[in-house]
Amino acid sequence: MIGVERPGDRVRNADQRMWLAWSVGICLLMFWVVYQLGGFDLWATIPGPDGQEMVVPNTFATVDHPFHATRAEVLRRSLADGELLRWVGNHQGGYPAEFYPLGAAWIEVVVWALLLGTLPILAVHKLVVIGVFLLPLAGFILLGKIDRLTLGVAGLALAIHVSVRGWWWSGGYMELVEWGLLTNVASAAILPLGMGLVWKAYDDKSPRFAAAAAIVLSVAVYTNVRSVFPIAALLCGLILAAVFATGSRWAALKRGMAVSGITLALLASLLAPLVGSLLRFGHLYVFVHYSGYDGLRAFFDSSVDAVTWPVLILAVVGVVLALRDRRSTSARFVAITLIIYIAGTALLASSSTVGDLVRQLEATRLMPFQRLLMIYMAAFAVARVSE
């Protein structure tokens with residue numbers, strides 16, 4: 001009958017209202033973050049040397065911020081002069097500029113180009129830092145959507161991410177905004193989206209999503225070569241998560257291995273220029289070891305510092321619930337990947353026999369990706385417990 005609302009319609013309308021409410025809440029949270037970080041305040045007026053007022057970019061300028069902004073400007077000028085990408089002899093404390101040739105500089109140059117050069121790199125740097133701070137939301141949304149979770153899970157995860165300051169290698173506000181370690185955080189912020197695409201490729205039996213995942217994961221590696229370690233963990237996590245899938249385990253395992261193989265093959269082809277550069281100029285890539293774990297206890301304490309005790313406890317609950325929940329396949333994938341990643345990092349933290357190449361990873365700097373996975377698991381736990 002016309003005008004009669006069916007029970008299914010009521011549920012659908014309620015879901016739409018809930019989705020709209022969470023969307024508005026997330027947008028308000030993002031607006032507040034951008035405002036608090038000065039995203040709408042890109043210029044400042046200061047007195048010049050001659051006493052006249054000068055208008056200059058109002059950007060982040062603590063610790064490593066000037067270094068990364070300068071790297072971006074060097075890359076921009078090099079490309080503007082028609083030079084091909086090459087090793088640029090930037091130095092930090094007398095050492096070559098880390099062991100990745102591009103870092104996050106390419107992101108700033110791309111944003112500068114998209115803005116048609118209307119802003120100087122210093123102002124673009126500020127926008128990129130804010131964007132990287134909010135970027136994990138994309139991965140949280142995709143992972144939650146695959147499991148048909150409410151948008152509130154992604155919103156809660158974002159709220160935890162922007163609220164928990166972390167330590168200087170945790171990947172949160174302190175490392176990114178206060179210390180300006182943009183490259184390490186940017187690569188980790190990209191990875192949750194790559195995870196979602198990898199699982200979407202498995203779930204939908206879609207080579208297109210596998211190709212999209214390979215592109216996103218290659219972006220993370222080009223930003224920071226350390227991303228190879230979490231990518232290895234998530235591909236292993238995909239295969240193990242497939243084993244625990246419902247239905248035929250053998251068929252699921254074959255599908256998981258096929259998706260991992262396709263993604264890995266595409267990723268290897270996309271990374272060929274970087275791998276060739278590393279092999280050719282490997283003697284130039286020397287990384288300064290600023291930090292390290294003094295055993296497993298230090299690694300555990302660092303994990304607590306990254307998210308705080310309440311979030312860590314919720315994350316553990318989330319992992320347990322995800323492993324037992326047959327509905328939430330992507331959450332199980334995240335949980336298994338987190339376990340593998342923690343085990344791998346713990347091995348690096350406790351082993352004194354790792355080779356020089358692996359030692360370049362500097363185990364403490366692997367925390368940002370672990371932090372994001374723990375935060376998502378904590379948000380997942382809240383969603384499941386509150387049902």
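A: Start with the residue classes in a lining. In this predicted model, the lining of the second largest pocket holds 9 nonpolar, 2 polar and 3 charged residues.

Q: What volume does the second largest pocket have?
A: A pocket is an open set of points. The second largest pocket here has a volume of about 400 Å³. It is lined by 14 residues, and closest to its centre are Trp-19, Arg-148, Leu-149, Thr-150 and Leu-151.

Q: Which elements give two or more residues to the lining of that second largest pocket?
A: Three helices are listed: helix 1 (7-36), helix 5 (136-146) and helix 6 (151-163).

Q: Now the cavities. How many are there of 30 Å³ or more?
A: In a cavity, the probe fits but cannot get out. With the cut-off of 30 Å³ or more, the count is 4 cavities.

Q: How much space lies in the second largest cavity?
A: About 80 Å³.

Q: Which residues lie nearest the centre of the second largest cavity?
A: Asn-184, Ser-187, Ala-188, Pro-230 and Arg-365, out of 13 lining residues. Helix 8 (182-204) and helix 17 (367-385) are the elements that each give two or more residues to this lining.

Q: Which element gives the most to the lining of the second largest cavity?
A: Helix 8 does, with 4 residues.

Q: And what are the residue classes in the lining of the second largest cavity?
A: Read them as you did for the pocket. The lining of the second largest cavity has 7 nonpolar residues, 4 polar and 2 charged.

Definitions and conventions:
Residues numbered from 1 in each chain as written. Predicted model: local features only at pLDDT ≥ 70, side-chain atom pairs only at ≥ 80, totals over all residues. Heavy atoms only, no water. 1 Å grid on protein atoms, 1.4 Å probe; cavity = no way out; pocket = protein on both sides within 12 Å on 5 of 7 lines; lining within 4 Å. Points joined across faces, edges and corners; volume = space filled by probe spheres on them. Nonpolar A, V, L, I, M, F, W, Y, C, P; charged D, E, K, R; others polar.
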